[in-house]
Each structure stands twice: as C-alpha cells, then as structure tokens.
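Trainee: I would like to learn how to read a fold of helices and strands, and then the charged pairs within it. Could we go through the structure together, feature by feature?

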Amino acid sequence: MTLALVIALSAYILISASKANNVAFASLWFLAVLPAYLCALICYVGDPAGDKPSSFYWSVPPIFGGLVVMGSVVFLHEGVICIIMLAPIWLCSGYAGAFILRRVRKGRTDPAKFHASLLFLPLMCGSLESQIPIPEKQVTLTRSIVIHATPAQIWPYAVANAHISPDEGQWNFAQSIVGIPRPRATTISGHGVGVVRKAYWGDHINFEERITQWQPGQRLGWAFVFSNSSLQDYTDRHISPDGQFLKIDTGEYTLTPLNDGTTKLTLRTNYIAKTHVNLYAQMWGEILLGDIESNILTIIKQRAEAAKARL
C-alpha cells in the first residue's frame, strides 16, 4: 500500500511541476532531487530482491528519461528548449539516485520503514527548498564580431533591418537544431532616444525595444518590452522573457573602430535570472542567447560588407 502511494505521489509531482508558471519547475528540487528520487524508485520496484546486476541500474535513467521526454511532448506539449535543458541534469541525477539506492538498501531489514522514507523524501526536500529565498542574478551576455566597414557604414544595419531572409546569418545550435525562430525584420519609428524599434522573429513572434541610447556610429541601447506572449508561446511555455524565472532587461550595440579600418561590433544583452539554479540557467543562456546574438551580428556583418562592396 505504501509503495503504491509513493508511485502515485511521484506521478502527481512530475505532472504538476511540469505545468507552465509553476515555480517548482525552476527549482533544484525539480531538476536534481526529483529525477534522482524517481529513478531510485523505479530501481527499487524493478529489483525488489536487490540482486540485479549493475547493468540494470545503468539502464534505468536513460530509459526513464526517454519515456519522460516522449510523454512530455505527447501529453504535456513541452517545448524543445525545456527538454534539452532538462535532459543532461536529469540523466546525471537519475544515475545518482539509482546507485545511491543500490548502496543504501543493502542490509535493510525493515521494508515498511524504507517505504515510508521514500514517501516523505520528496516532500521534505521540496519543503526545505521553499524556505530558501530565491536569488536574483544580473547577467550580461556579450558577443562581438569584426566587420570590414566603417562605423558609419554599419550604423544603419545596427538600427534596423527589413526583409531578413532565412538564409542570412549563420548556422547555430539554438536556431538550426533547437528551432528557435530566426529574426525576420527589425523596424524603427523615428530617430533618437525614446523611439520604438520593433523586432519580428519567424512568422509569429514580435516584441518592442525602446531606445535608451542613441549615439550614431558609436552606441545604440534599448530596453526590451514584451507586450504580448508570442515569444513564450512559440518557443517554450515555461520560459517567459519577463516572468518569474527570467527577465530579459536591456541590450546595446557598441561600435569600436580598429586601426586597420575595420570595426568591432559588440552586442550585449542584460538579463536577470531568478531561480535556485541560476548557474545552470546561465550556462544555457550562454549557449542559446549567445547563439542568437552571434547570428544577429553575422546578419549585420553580411549586410554592411555587401553594401560597402557595392560602392
């Protein structure tokens, strides 16, 4: 009876934590404790006598992970971003849970007490983490590119770009493999501080950037404004660009002339991570947001150098 309750509780926890806007989704408990616990539970049920070889324990986490991924896509309609971010840490945690269970269950002579410990472990860990304040970490993501053009020639393409074709930019993991939409156009309604620039990605995503710095040929800065949910709806429902886990705040271009007549164009994006796993989230920010920044810089480089060649 206790073991059945453990299994039912585990399924409920997994489904509930996977819902959009659930704070548990970005917790250390969900990322590390829960997969370790569930893999340990599967190993305990699958090896009641504790005499199966280590190959059984090695096989459980990847099989479990594969089933979770398929179930998440089919039943919970999870986005690719969340699946890719969760897979590595869930696999590692699953192995930790499986082999810790194999070790600690040796010599246990009271199954009822052991079942009870399995029941209360996830509740206790979740309760303890909920008492810890969520830290907010400000992060600046930076990418640069050298362009064979002057700052004055680059500036118009840093400000706005119309009709960006799918073959512009570069191949990258975030957009070519994960499938994050590519920029389609950037338009601006005027010149100077206070004007609004609009960004369009793919066929559905759009958001605004309110200009906060305007120094032609030198610096362009903006504050992000996400007035609709299109970015979240068409990337991943768990990750809002202005939500409880993440706030993409400001961005800027700086143009630095170099001695050989080229220009170094730098793009910075400032965001705030608000989870108990900020270090892990920052690592994925470097990969995914970094790819997006590099692609944008490549588009500007291609257009500025093509325009210079036509002169």
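Trainee: Across which strands does helix α9 lie?

Mentor: In this predicted model, helix α9, spanning residues 278–310, lies across β1, β2, β3, β6 and β7, and its direction makes an angle of about 30° with β1. Helix α6 (residues 151–159) lies across β1, β2, β3, β4, β5, β6 and β7, running at about 160° to β6.

Trainee: In what order do the strands of the sheet come, and how do they pair?

Mentor: Strands of a sheet pair through backbone hydrogen bonds, and the pairing may be parallel or antiparallel. Here the pairing is antiparallel, with seven strands forming an open sheet in the order β1-β7-β6-β5-β4-β3-β2. The edges are β1 (137–147) and β2 (183–188), each of which pairs on one side only, and from one strand to the next the twist averages 20°.

Trainee: Which residues have the most contacts inside the largest nonpolar core?

Mentor: That core has 62 residues, and those with the most contacts inside it are W90, I147, I154, W201, L220, Y253 and L265. Its largest share, ten residues, comes from helix α2, which covers residues 28–46. For the protein as a whole, buried residues make up 46% of the 311 residues.

Trainee: How many salt bridges does a search of the whole structure find, and where does E209 take part?

Mentor: Side chains of opposite charge can pair when their charged atoms come close. The search finds eight salt bridges, including one between E209 and R197, whose closest N and O atoms are 2.7 Å apart.

Trainee: Are E209 and R197 buried or exposed?

Mentor: Since buried means under 20% relative accessible area, E209 counts as buried at 6%, and R197 counts as buried at 4%.

Terms used:
Residues are numbered from 1 along each chain as its sequence is written. This is a predicted model: local features need pLDDT of at least 70, side-chain atom pairs count only at pLDDT 80 or more; totals for chains, interfaces and linings use all residues. Side-chain values use heavy atoms; hydrogens and water are left out. A nonpolar core is a set of buried Ala, Val, Leu, Ile, Met, Phe, Trp, Tyr and Cys residues joined through side-chain atoms within 4.5 Å. Buried means under 20% relative accessible area, exposed over 50%, partly exposed in between (1.4 Å probe, protein chains only). Helices (H or I, at least four residues) and strands (E, at least two) are DSSP runs, numbered from the N terminus. Two strands pair if DSSP finds at least two bridges between them. Axes are lines fitted to C-alpha atoms, for helices over the stretch in contact, and angles run from 0 to 180 degrees between N-to-C directions. Contact means heavy atoms within 4.5 Å. A salt bridge is a side-chain nitrogen of Lys or Arg within 4 Å of a carboxyl oxygen of Asp or Glu.
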